[in-house]
Amino acid sequence: MKSAPKAAVITFPGSNCDSDCVYGLEIMGFEVTALWHKDKPSLAEYDLVVLPGGFSYGDYLRCGAIAALAPIQEQVHKHAEQGKLVLGICNGFQILCEMGLLPGGLVRNQKMKFLSTDVCLKVENEDSPWTSASQRGDVWKLPIAHGDGRFVCEEKELATIKDKGQVLLRYCDAKGNVSKEFNLNGATDAIAGIKNVRGNVFGLMPHPERATDLRSGDGRFIWKSILSTLGEKAV
Amino acid sequence: MKARVHIFYKDSVFDPQGNTVQHSLQQLGFQQASSVRIGKVIDVEVQSATHDEAKKLAEKMCETLLVNPVMESFQVEILD
Amino acid sequence: MSPRKSLPDNTPGTWELADSIGITRKEYDHVIAAMKRTPSFAELGVFSAMFSEHCSYKSSKKYLRRFPTKGKRVLQGPGENAGILSIGQGWGVAFKMESHNHPSFIEPYQGASTGVGGILRDVFTMGARPVASMNALCFGEPSAPRMKSIVQGVVKGVGDYGNCVGVPTVAGQTFFHPCYNGNVLVNAFTAGIIHEDHIYKGFASGIGNAVVYVGAKTGRDGVHGATMASKEFNTEEAPDRPTVQVGDPFTEKLLLEASLEAMRLGLVIGIQDMGAAGLTSSSFEMAGRAGTGLEIDLDKIPAREKEMTAYELLLSESQERMLLVTSEDRLKALHAVFDKWDLHAEVIGTVVEGDRVKMWKSGEVVVDLPVTLVVDPLEDPRPAASPDWLKPLWDFSAEKVAAQTFDKKLSILIDDIHFAEPLPLTLQYDSTVGNRTEGGTFDDGAVIRLRDLGPSAPRLAFSVDCNPRVCYLDPLEGGRRAVAESALNVAVRGAEPIGITDCLNFGSPQNPHVMWQFQQCIEGISLACEALEIPVVSGNVSFYNDTDKKPIYPTPMVGLVGVMPAETYLPLSTFDKAGDVLVLVGPLEGELGGSRLLSGVLGEDRGRPSQTDMALVAKTIRFCQEVCATQKGFALHDISDGGLACSALEMSFFRGEGLLGCEVEIPAAANADRFLFGETLGRVLVSASADTAKALQSVATKYGLSVQTIGRVTADAKFDVTQNGKSVLSTSLSASYSQWKKKWEPLFT
């Protein structure tokens with residue numbers, strides 16, 4: 001690659017993982033710009049747009065509902081339509097669903113309590129810009145920290161999602177077995193992360209930026225996948 | 001006039017709060033309570049000349065922001 | 001609504017009125033003599049709030065002067081919103097602990113939630129970015145009325161607020177005892193990082209400067225919250241519902257970012273959060289510190305409710321508000337920052353010459369008071385008298401302990417409510433947001449790295465501790481031990497303790513025995529700090545924690561901060577591999593007085609707790625620091641509540657599935673009960689490979705510490721204890737592991 005890949009991390013009122021994402025991306029070699037939700041710059045220069053975790057608008061009304069309509073989202077929609085990469089982490093995932101860029105939605109955890117712990121994730125599909133550095137069946141360990149991380153969608157939609165290989169990560173045990181016991185928030189089909197049909201938009205509840213240079217380090221699989229994808233496309 | 005919006009999760013979405021409350025009601029002797037769903041009510045004061053206008057305006061607000069049709073269903077009533 | 005709350009502001013402040021809002025006769029006479037006129041009702045409100053125990057510390061100031069507050073790292077000592085210690089490289093750590101006890105008993109979720117909000121503001125108002133929180137919770141027996149819902153409400157409140165603002169909760173202590181059945185304690189700690197050249201204080205400086213109100217609108221919440229915290233509970237009165245404030249962590253997050261941004265851009269001269277006694281305390285205190293006067297137009301205050309009187313505006317404890325002072329020429333830029341974050345920023349007044357604060361409402365002067373009269377209240381140092389019921393409690397029958405089988409004694413400890421995996425509680429706290437938290441949390445001290453300051457920045461460690469049982473049986477030792485234990489907790493992570501904050505939770509100051517306990521705990525804390533050469537830089541006092549005249553156990557909660565270099569090894573706190581050697585550093589035995597075991601055997605709290613040897617503790621701390629700086633690949637765990645037996649089990653259980661056990665040989669010279677269950681501080685359990693253990697042992701010897709190999713880690717999940725070749729205890733761990741894991745689950749379902 002000629003120059004460092006560029007990433008933009010968008011801050012909404014109430015985002016609290018924005019600086020974590022900026023830091024994580026920088027140490028992985030990205031040139032990162034922090035953008036404000038009220039800005040409407042062109043996103044053309046960015047290879048990756050990240051919607052970070054947090055409690056945008058306090059999670060009021062519905063998680064991510066108000067952030068989904070922020071002024072900058074017009075540009076984010078455009079960026080996605082052009083097939084460029086958009087990543088939503090935790091609250092970012094919630095926002096992408098509210099924007100309709102990903103199917104389904106995220107609701108209150110089944111046991112109604114906030115969950116902050118490390119979870120194991122099974123890589124279901126390595127054919128994506130987000131998981132190509134791994135193999136199907138690999139197990140990652142990443143932290144979750146959410147009160148509304150239960151993925152839901154209607155039966156028909158679920159069938160489509162599975163059919164098209166959109167499920168990238170499922171909650172599992174240390175050996176990669178998916179089961180009710182390890183699906184702490186009760187997500188439909190134990191889904192922890194999905195991509196859109198085209199594959200350029202990805203949302204996940206766990207926090208890869210918190211396991212980049214700390215903890216398991218497994219967050220790096222996502223960043224490496226992105227970097228190699230961009231590398232392939234770079235002139 | 002006031003537009004009152006009632007919002008519930010769609011039936012296909014598991015409502016753990018409702019579920020818990022239903023069990024509690026039964027434990028308190030209300031065996032007849034067979035199902036509990038918990039939703040939310042949003043009241044919006046709107047400047048409109050007619051009920052119809054107010055209703056249309058409220059529905060537009062629902063479509064734009066107040067309701068997520070992927071997971072929720074809603075009803076609008078207009079109160080004076 | 002109480003009639004006095006809707007009284008017109010200019011109603012003459014008679015003695016009867018003053019009495020009804022908590023002002024004492026002495027204080028009232030003092031005010032009249034100084035003002036040479038009758039105060040208005042609004043002015044009475046000012047005095048009532050500022051003279052309350054919670055704001056004035058009138059009963060405690062005299063005793064608090066004992067604390068050692070100086071040191072070479074001190075950038076800011078007590079007296080400001082938070083204390084600050086230098087951590088090197090131009091940076092400092094700002095920290096404080098606050099209590100929100102009475103509100104949490106009345107409305108657990110909001111009480112705990114707003115407690116966290118208040119302490120966060122105390123830290124960021126100094127210009128520090130909050131990076132870690134802790135909390136210390138004292139609850140009654142789970143079976144006590146309302147207690148389970150209080151536990152759930154408090155934990156959810158603490159979690160929801162901290163999680164939303166994005167500050168990780170990394171450590172804490174939870175204690176259950178019947179003495180808290182009527183008075184729970186919620187102490188919240190926050191630490192933030194700050195640059196030493198950019199410390200902001202609560203000074204209303206610069207004649208002609210603008211006084212600006214920022215943040216949420218003002219409502220009637222908590223009017224008279226400060227006076228509520230200065231009253232005991234009486235079971236005949238219904239709990240006061242209207243006085244609890246509702247927190248909005250979203251607004252707090254916006255306020256935090258906007259304030260830090262405004263400070264970063266040089267737009268702020270002085271700033272203080274509006275906490276207890278709201279606008280009253282912030283305005284008078286800022287004027288007091290700067291030696292200036294203020295003129296304030298109360299009509300400019302953004303009000304959430306209609307027709308609020310000056311009294312209500314002044315005493316409102318609506319959350320998420322700050323008062324700041326800046327120059328006229330910076331106002332436009334300041335407004336731009338707060339507009340960006342969608343927050344109110346209203347100029348409500350001016351800094352003036354002189355030493356009075358004058359406030360208008362609807363064009364009339366409603367408050368015109370000399371600052372010193374308000375901020376220097378009469379001290380009311382209450383008498384202290386040592387109780388005669390204490391020494392008899394030190395007697396206990398050692399035979400009763402010896403008579404129990406070892407299996408029974410171990411099971412008493414395993415059954416204890418405190419011997420539990422904290423997961424059902426800690427699951428609700430985001431402990432990794434910020435991407436700074438290293439290693440485990442809620443077990444020994446917590447560690448964070450400061451990624452914002454570069455790879456060679458020092459790391460910080462935190463611990464909060466207090467053993468109320470020990471404080472009750474020997475308040476001086478209790479205070480000393482709180483410091484010693486928290487210091488050891490950070491030391492076993494490789495950190496050097498550098499300073500403390502405290503929350504002194506006690507019964508009524510009108511009870512001389514309580515004042516004696518207060519004075520003794522302060523003495524104990526001070527002795528320990530002096531021995532470790534660390535200062536007290538901030539703190540909080542909460543009196544009136546009693547119900548029907550029965551006080552809680554003295555609970556001087558200590559929050560301690562440690563620092564260590566980036567490259568220090570962060571030890572494990574659990575067993576690592578079968579075959580590792582177990583080493584005990586420090587005294588062979590501990591005292592049983594005031595121990596968990598003794599209370600379990602006797603059914604009551606008795607015995608004189610061991611007198612912590614601070615010289616030994618200091619050496620142990622230095623031992624820990626050295627081994628972490630020079631060695632790798634070992635586990636350290638300090639021995640405290642539940643003695644060596646519990647510490648060993650914790651080293652197995654916190655590691656989790658695929659349980660490792662251990663074999664322990666009690667040295668012939670030791671008394672088995674005191675070896676296994678004694679709770680003297682200064683004992684550290686080490687687990688390491690044979691070679692590493694040898695290296696650690698020679699460091700211990702270098703520091704003049706006793707050191708013994710006492711056993712080994714086993715692949716078998718059992719706890720096998722022998723002495724002189726004979727079995728003392730032999731138990732499989734799987735059942736007790738299961739019990740430990742499930743212990744707190746019923747509390748949270």
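In H2(B), the buried residues include B:Ala54, B:Ala58, B:Cys62 and B:Leu66. These residues lie on the same side of H2(B), because the arc they cover around the axis is only 80°. The opposite face, turned away from the buried side, is where the exposed residues B:Asp52, B:Lys60, B:Glu63 and B:Thr64 are found. The structure is a predicted model, and the description that follows should be read with that in mind.

Attention now turns to chain A, which contains five helices and 11 strands. Its C-alpha atoms fill a box of roughly 45 × 40 × 35 Å along the principal axes. The radius of gyration of chain A is 16 Å, which agrees with the value near 18 Å that a compact globule of 235 residues would have. Of those 235 residues, 61% count as buried. When contacts in chain A with a separation of 6 or more are considered, 76% of them are accounted for by residues 24 or more positions apart.

How the chains meet comes next. Two pairs of chains are in contact, and of these, chains A and C share the most contacts. On that interface, 22 residues of chain C are in contact with 22 residues of chain A. Helix H8 (147-165) and helix H10 (249-264) of chain C each supply at least two residues of the side that touches chain A. By class, this side of chain C has nine nonpolar, eight polar and five charged residues.

Chain B also meets chain A, with nine residues of chain B in contact with 12 residues of chain A. The side of chain B that touches chain A divides into six nonpolar and three polar residues, with no charged ones. The remaining pairing is quickly described: chain B and chain C do not touch, and their nearest C-alpha atoms are 11 Å apart.

Note on methods: Residues are numbered from 1 along each chain as its sequence is written. Chains are lettered from A and ligands numbered from 1 in the order in which they are written. This is a predicted model: local features need pLDDT of at least 70, side-chain atom pairs count only at pLDDT 80 or more; totals for chains, interfaces and linings use all residues. Helices (H or I, at least four residues) and strands (E, at least two) are DSSP runs, numbered from the N terminus. The radius of gyration is taken over C-alpha atoms; the globule rule is 2.2 Å times the number of residues to the power 0.38. A residue is buried if 20 or more other C-beta atoms lie within 10 Å of its own, exposed if 12 or fewer, and partly exposed in between; C-beta atoms are placed from the backbone. Two residues are in contact if their C-beta atoms, placed from the backbone, lie within 7 Å. Ala, Val, Leu, Ile, Met, Phe, Trp, Tyr, Cys and Pro count as nonpolar, Asp, Glu, Lys and Arg as charged, and the others, Gly among them, as polar. The arc is that of the directions from the helix axis to the C-beta atoms.
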